[in-house]
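Hi everyone, thanks for coming. Let me walk you through a structure that may be new to you.

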Amino acid sequence: MEEKKTVMGRENCRGKGGKAGFKVAILGAAGGIGQSLSLLMKMNPLVSLLHLYDVVNAPGVTADVSHMDTGAVVKGFLGAKQLEDALKGMDLVIIPAGVPRKPGMTREMTSLKSMLGLLRHYVKGNPVNSTVAIAAEVFKKAGTYDPKKLLGVTTLDVARANTFVAEVLGLDPREVDVLVVGGHAGVTILPLLSQVKPPSSFTPSEIEYLTNRIQNGGTEVVEAKAGAGSATLSMAYAAAKFADACLRGLRGDANVIECSFVASHVVTELPFFATKVRLGRIGAEEEYQLGPLNEYERVGLEKAKEELAGSIQKGVDFIRK
């Protein structure tokens, strides 16, 4: 008697979904940042459903990440035709999509065009100095702009600042808190070393060294990789850390504070600025002032604002032209 073979597809498995939690989409999941970020978000206990989208290799990343025996249910989406489905019903959308920087290239040069296509799809339902402004303009055109829900991730600048300052002070980076304001490129990255926690003093040469290294941390990685990539692992860590803070805010946790590049009308006259914000159920619910600055920081702030104004306008012009 011939033995019958039973073949059961995944669609027939008993488990149809995961535990209660948030639904998160990553646009650009197959990229250098996206792959590591996908892994980290899969491990986040606040995430119940993870949508991984890309124009290339999304099925491969989805299969790889979904085999982990922890965390969210994972679904993959490939190409422009599936982008709308990837975004449907999501609580949080993270966009790490872009092109790896090479020596001599700016973040804006590598990110503007890749962001635009994704954002045009998303408005049916975060970034560097120009791309947040681009996103805002795209949402405005669609009539769906909510300034509290558009958040540019500058967490990597804070992580670097904590690490570099801790090296100078001889401390564990987890014991150090450096406020980094302004933007996310070059001189727009302004560490407020006078407000470091625990309270610390630095010599003029230490201030110059730390400020320059924090501002050029991305270039340091690009040059170390000799054109083979940019800061992918550390950026994925920073994005996952910021995403976790957003999810805790959405959950209603009290006093979730992170730095973010947001629409700002409180700190400076610029339309966007990176500062500490309190995250909650509606996004960035409160901006925090910069606090007292020393002379070095006041000069740095003016340089940052001048550069930021041009970058923001570049983003606006990119859409309006």
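Predicted model: local features only at pLDDT ≥ 70, side-chain atom pairs only at ≥ 80, totals over all residues.

Asn57 is partly exposed, with 48% relative accessibility. Now move along to Asn255, in the loop between helix 9 (233-251) and strand 8. Asn255 is not a glycine either, yet it has a positive phi of about 55°. At 62% relative accessibility, Asn255 counts as exposed. Why point these out? Most residues other than glycine have a negative phi, and most peptide bonds are trans.

On the peptide bond side, look at Lys197 and Pro198: a cis bond joins them, with omega about 0°. Pro198 sits in the loop between strand 7 and helix 7.

Let's go inside. The largest nonpolar core has 39 residues, and Val165, Phe272 and Leu290 are among those with the most contacts inside it. Elements giving it two or more residues include helix 5 (129-142), strand 9 (272-280) and helix 10 (295-320). Beyond its sequence neighbours within four places, Leu290 touches residues including Leu179, Phe273 and Leu301. There is also a second, separate core of 37 residues, which includes Leu46, Leu52, Met235 and Ala245.

One last stop: is Asn44 buried or exposed? Asn44 is buried, at 7% relative accessible area. Leaving aside neighbours within four places in sequence, Asn44 contacts Asp244 and Leu247.

Definitions and conventions
Residues numbered from 1 in each chain as written. Heavy atoms only, no water. Core = buried A, V, L, I, M, F, W, Y, C linked by side-chain atoms within 4.5 Å. Buried < 20%, exposed > 50% of the residue type's maximum accessible area, 1.4 Å probe, protein only. Helix = DSSP H or I, 4+ residues; strand = E, 2+ residues; numbered from the N terminus. Contact = heavy atoms within 4.5 Å.
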